[in-house]
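Visitor: Please take me through this structure one question at a time, with the cut-offs stated.

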Amino acid sequence: MSVLAGKELRIVGFLCNWCSYGGADTAGTARAVQPTDLRIIRVPCSGRVNPLFVLKALMNGADGVLVSGCHPRDCHYSSGNFYARRRLELLKQFLPVIGIDPERFEYTWVSASEGQRWKDVVTNFTARIHALGPAPRWEDVPARYDMPVELLESLRPLGCGEHPALPELKQAIKDALAQGLEGVLGWKKGFDAIHAEPVFMTTPEEVDSLIWGPFNVQNLAVFLPQYKGRKIGVVVKGCDSKGVVELLSEGLISRDEVQIFGMGCNGTVNLSRILAKLPEGAAIESCACRGNKITVTAGGQTIEMTMAEVAQDKCRLCTKPNAVISDAFAGTPTTEPEAPQDGRLPGLRFLDSLSLEERMGFWKGQMERCIACHACRGACPMCVCRDHCVSDSRDPEWVTQEDTVQQKLFFQLIHAQHLAGRCTGCTECERACPMDIPVFALKQQFGRTIQKIFSYGAGLDVNATPPLLTYQVEETTIKERDLA
Amino acid sequence: MSSLLFATPAELTAWLAGLASGQRVLVPCQEGPSVVYRPRTAEQLSAAGVNALLRRSTSSPKQAVLPQCETLVAFKSVKDEQDPSKVTTTVENPCKAEPTVLFGCRPCDARGFVVLDRPYLHGPFKDPYYGARREATTIVTQACPSVFATCFCHWVGSHPADGEGSDILFTAVEGGFVLDILTEKGKALVEGAAFADGSDKAEAVAAAHKATAEALAPAPNLSEAAAKIAARFTDTAFWTRETVKCLSCGACTYLCPTCQCFTITDEGSQLNGRRLRSWDSCMTPLFTLETSGHNPRPDKSQRMRNRVSHKFSFYPERYDGFFSCVGCGRCVISCPVSLDIRHMVTAAMEGMEGKKPAEAPAAPAEKTAETPKAPADAPAAPKTPAKSKSKKR
Ligand code: SF4
Ligand code: SF4
Ligand code: SF4
Ligand code: SF4
Ligand code: SF4
């Protein structure tokens, strides 16, 4: 793209073939004077604009991106722009979290006859981008590495003591196995007392090894699609069950093939927080959990900690500790706290306090140490493409093998974008990251925007329609900005 | 060669700071909750407390010699302004081998480079990119002051004070550090440094090494691991059962100091492009996916079988019985489902027939003559065969 040095900026326009491209043509035929910064890419419909097109342009140095389609109700394909409106609005509200000024992106509607309107749109958008100036470059922003840990007060007392209903749960699983279930996914003690590992229980002895407690961190829903066609069971915490619901609602598993075993959850731990309290690397000699206290003996020292210090962030704000769907529920359900009104979200609160440029610096600093292993993807129950992820594709080629911050962050943007409206907030992506990169914040930004605009949370209702798979002709919660 | 020098913490950091003018000094740095290797300037190093430089890194220091991604060749074509059919193409080989000091890696990490050297340098084809960086890198290793719960270097023929692969091995003792200069490269690095003689500290060093080694739990005998794991190869049920919990995420391979596989991709346009080499992982389906769409390893059980077999069976069969796992335990600590390679190995061996002693691979000492000679300054050829009992001090 040639740029007249200092005079033009890089603005990319995605115009639908039927209306806006025609509108631009009308303006041209009428010899309307308009700025020349815009580079137009013609697409069949604004509904064809994958938000990743916009993100890719912005991540690769575009100073502004404009999407323009047919007016609502005027879509050549009748509803493409209705879907586009939801996606693009969501995208616009997502941009600040990665430090991109949302003003650099706009979507609007211009019909084929509206030459004058097109001229105004281009003129105004170009003027806006010129007022903002060239976009900051990833190469130039200073990387920052600070990431304050904020231990939020939990909505309810968390605990780690032995669950009284565990024998009941084991019995229910044994009964189900006896009745012909092939196996049940659960957890057993891992290589030491603070690590649990997933187990596929097929015999009563294996069921006896089942544990339930603060170390059952893995979300076992991730394994379910690979058992399709077989009758199995899964033990779930409240948050895991949301993953099961989401898989069911997307038709990736069948209700009659999976039996769900639930039990009230009192919270799980963030292992890094425990390990940080122990002598570095020390072998765990023993671990006892009572009430809300975890006592670990390691490297000859006995260290006591409370759930308030080591619980995962999601548990602190958890309002669904009981399986939202289950075939067998052991014990009495845990009391479910009300959702907080103050919208408190760890991680994002820190990002929100930074300026846009500081946020770019934050992600630059974080993604530098990403080793591109994609464990974040492997652990995500909703990354259902498994062996066919678009990021592995060469055509289209969304990311290269280059180990630059932009490439590595772009993978995260793909993950977040593909999870918009589907992410259940299990935070497995972040937990799985061997480099402790706070990748969940990106999904959280989509999550809270979806909550705000569509009052929707994923994984709660098998029959719900995710907000991006539907639309309303009049969107009462989307306030469009007119460029003309 | 081996000679001992003594440095106080302040002398050690001052020495490092001095090295940083003129070469790249890579040290372990805390970044967020993780520890990663980063180049540091003289000012940063002289300001850093020595303890900050002694952390064990989350990801392996392999990057210093085998980067996550590197450009193998780049080209640029320029069209003639008068006659666009005439194109001038320039080809650039951007292989940069900056003189580098890799400071503070652990014996397992240093030994990891020896594992990488065999396929990259001692096979029929020498990798010039790897070779140049390897030669330009001097490795200063810290004898482990303590062991991690996941450490098992002593299973695979090493120990927490192993100097194999290192140019200098330093040990923390009362009041400072004793530097054991192991190679010519190491000697060059301390030339002119104002370190005191450390030969009187030999006993303190030996005591420190002994204390750390004793903290390791007893190791199983892996002398027949290669044959037994090879015999397990066809036991599909075993591999399926043991990998139920694996997510195929690949974290284990990208963290590993000895995982050596790469992929090559081309980027750019017809007029301006680059050929990249980047890490690849046998734990992902893409690794074996063929152009036809056929995948000979479609399942995670086959992929795990490859990973374990490569480390404990294929590699030792090919390279004189040395394992290609150095027992650093990173794959164990960081696996999101706590899959433990130690368990995989012992479980795979259990109940399997090993080879009869007569068929066991010959001792490496007799074989070294056949293997191509290491470059002049490469670290001394490995001495400890993995199949011998772990050497404890
Ligand atoms: S988020 Fe809720 S259900 Fe999930 S582990 Fe935490 S407390 Fe349990
Ligand atoms: S994106 Fe992360 S938080 Fe969301 S469902 Fe996937 S693993 Fe869970
Ligand atoms: S898990 Fe972490 S290190 Fe691996 S690709 Fe994801 S963000 Fe990067
Ligand atoms: S890190 Fe663990 S889950 Fe991931 S591929 Fe390796 S063994 Fe499997
Ligand atoms: S396989 Fe695991 S323990 Fe062995 S060298 Fe690699 S990361 Fe370390």
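Guide: Helices here are DSSP runs of H or I with at least four residues and strands are runs of E with at least two, both numbered from the N terminus. This is a predicted model, in which local features need pLDDT of at least 70, side-chain atom pairs count only at pLDDT 80 or more, and totals for chains, interfaces and linings use all residues. Residues are numbered from 1 along each chain as its sequence is written, chains are lettered from A and ligands numbered from 1 in the order in which they are written, and side-chain values use heavy atoms, with hydrogens and water left out.

Visitor: In which loop does A:Pro396 lie?

Guide: The peptide bond from A:Asp395 to A:Pro396 is cis, with omega near 5 degrees. In chain A, the position of A:Pro396 is the loop between α13 and α14 (405-419).

Visitor: What phi does A:His374 have?

Guide: Most residues other than glycine have a negative phi. A:His374 sits in the loop between α12 and α13 of chain A. Although not a glycine, A:His374 has a positive phi of about 70 degrees.

Visitor: How much area do chain A and chain B bury between them?

Guide: Contact (heavy atoms within 4.5 Å) joins 43 residues of chain A to 44 residues of chain B. Buried area is the accessible area (1.4 Å probe) that two parts lose on being put together, summed over both. With 57% of it on carbon and sulfur atoms, the area buried is about 3,500 Å².

Visitor: Which element gives the most to the side of chain A that touches chain B?

Guide: The count between the two chains is four salt bridges, a salt bridge being a side-chain nitrogen of Lys or Arg within 4 Å of a carboxyl oxygen of Asp or Glu. B:Arg274 and A:Glu402 form a salt bridge at 2.8 Å, N to O. At least two residues each come from β6 (196-201), α12 (356-368), α13 (375-378) and α15 (428-432) of chain A. With four residues, the element that gives the most is β6(A).

Visitor: How are α7(B) and α12(B) oriented to each other?

Guide: Helices α7 (residues 225-232) and α12 (residues 341-349) of chain B pack with axes 8 Å apart at an angle of about 75 degrees. Axes are lines fitted to C-alpha atoms, for helices over the stretch in contact, and angles run from 0 to 180 degrees between N-to-C directions. Angles under 35 degrees count as roughly parallel, over 145 as roughly antiparallel, 65 to 115 as roughly perpendicular and the rest as oblique. Therefore α7(B) and α12(B) are roughly perpendicular.
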